Structures are given as C-alpha cells and as structure tokens.
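Have the structure open and follow along.

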Amino acid sequence: ATITCSSGYTANGATQIITCQATATWSSVSCPAVDCMALVVANAVSVAPNTRYPSVGVVTCNLGYTAKGVSRNVSCLPSGKWENFTCSPVDCGRSLTVAQGTATFGSSTTFQQTATITCSSGYTANGATQIITCQATATWSSVSCPAVDCMALV
C-alpha cells in the first residue's frame, strides 16, 4: 500500500510504500513534521522553542524597527518555511519645521539616517549647518537656530 503524508509532514519528500508482514501487520510508516529550522528575522529578536510544523515562534523588532505591532507570533508553515515577517526601520519623514532654518534630507529619512539643518542668516554663526539623526522613536534629534548674540557694548 502507498502512504502519502499530510501537509506539513514528510516521508523524506515522497510517498512511502508499506507492506503486509507475515505477522498480519503492516510495516512501519513514519511521517515526521517538517522542520522550519532556526527562526531568524533581521533587526529582531526571535524565539521559537520548537521549529517543527505547526510550531509558533515570537518575533520582537529591535528598537528603531517596526512591523505591524511590536511583536508577533510567526507560524512554521507546512512548506517547512517560517511565515514571512519583516522588521523595517522607523521613518521620521520629511515634515520637519525648523524655526529660522531649513532642513535638507538625504535619500532616506529612516532610523539612523541624517539630515542637514542650515540656519538662516543672523542665527547661529550666520548659516552654520547642524546634522540631526532619525531616532528610534521616529522623531528627529533636537535642533535649534538661536539668534546670534552680539554681546553687550562696553
């Protein structure tokens, strides 16, 4: 007789043939669960005590990275692969208002990326630039453009 394992279980990738033994019993058959191997997600901490179908692991994105929710259960699928899960860097966006200055953004505004702040004339050394960084909280590091202080005349 031919045995086909259920989805999520394998007979070394094929069907198994069993035979009727002289003892009037069938030969043994085994359909072990597929193994999804280690649960590894970039920019995250993953915990999966068991890696065989239908196990569930937990993924928690690192600080500065996000997915839908802070952590999520991820299933070992019948295919022997973990459910797809991605932790993407948080995005600070391009809508930064700087009093008495302007922001110039690079190609990306995500976690750990930088932007350049140029202060208007008459504010902090007449146009000196400052570099700010996108923080893990999805906000830009602080910046200010205070007026140049001419000091008191003596």
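**Disulfides, strands and cores**

Cys 36 and Cys 76 are joined by a disulfide, with 2.0 Å between their sulfur atoms. This is a predicted model, so please read every value here as computed from it. The link of Cys 36 and Cys 76 is right-handed, with 90 degrees about the S-S bond.

How many disulfides does the structure hold? There are 5, and if you number the bonded cysteines in sequence order, they pair as 1-2, 3-5, 4-6, 7-9, 8-10.

Another of these bonds connects Cys 61 and Cys 87, whose sulfur atoms are 2.1 Å apart. Its torsion about the S-S bond is about -85 degrees, so this disulfide is left-handed. It links distant parts of the chain, with Cys 61 in strand β4 (residues 56–61) and Cys 87 in the loop between β6 and β7, 26 residues apart. Cys 61 is buried, with a relative accessible area of 10%, and Cys 87 is buried with 5%.

Cys 87 leads us on to the largest nonpolar core, which has 13 residues. Leu 39, Val 41, Val 59, Val 74, Trp 82, Phe 85 and Cys 87 touch the most other members. Beyond its neighbours within four places in sequence, Leu 39 is in contact with residues including Val 47, Val 59, Val 74 and Trp 82. Another core, of 9 residues, lies apart from it and includes Ala 115, Cys 119, Ile 132 and Cys 145.

Now turn to strand β9 (residues 114–119). In a regular strand, side chains alternate between the two faces of the sheet. In β9, Ala 115, Ile 117 and Cys 119 make up the covered face, while Thr 114, Thr 116 and Thr 118 make up the uncovered one. Strand β8 (residues 101–105) runs antiparallel to β9 and is joined to it by 5 bridges, with Thr 102 opposite Thr 118. β9 also pairs with strand β10 (residues 129–133) in the antiparallel sense over 5 bridges, where Ile 132 is the bridge partner of Ala 115.

How values were computed: Residues numbered from 1 in each chain as written. Predicted model: local features only at pLDDT ≥ 70, side-chain atom pairs only at ≥ 80, totals over all residues. Heavy atoms only, no water. Buried < 20%, exposed > 50% of the residue type's maximum accessible area, 1.4 Å probe, protein only. Helix = DSSP H or I, 4+ residues; strand = E, 2+ residues; numbered from the N terminus. Pairing = 2+ DSSP bridges. Core = buried A, V, L, I, M, F, W, Y, C linked by side-chain atoms within 4.5 Å. Contact = heavy atoms within 4.5 Å. Disulfide = S-S within 2.5 Å.
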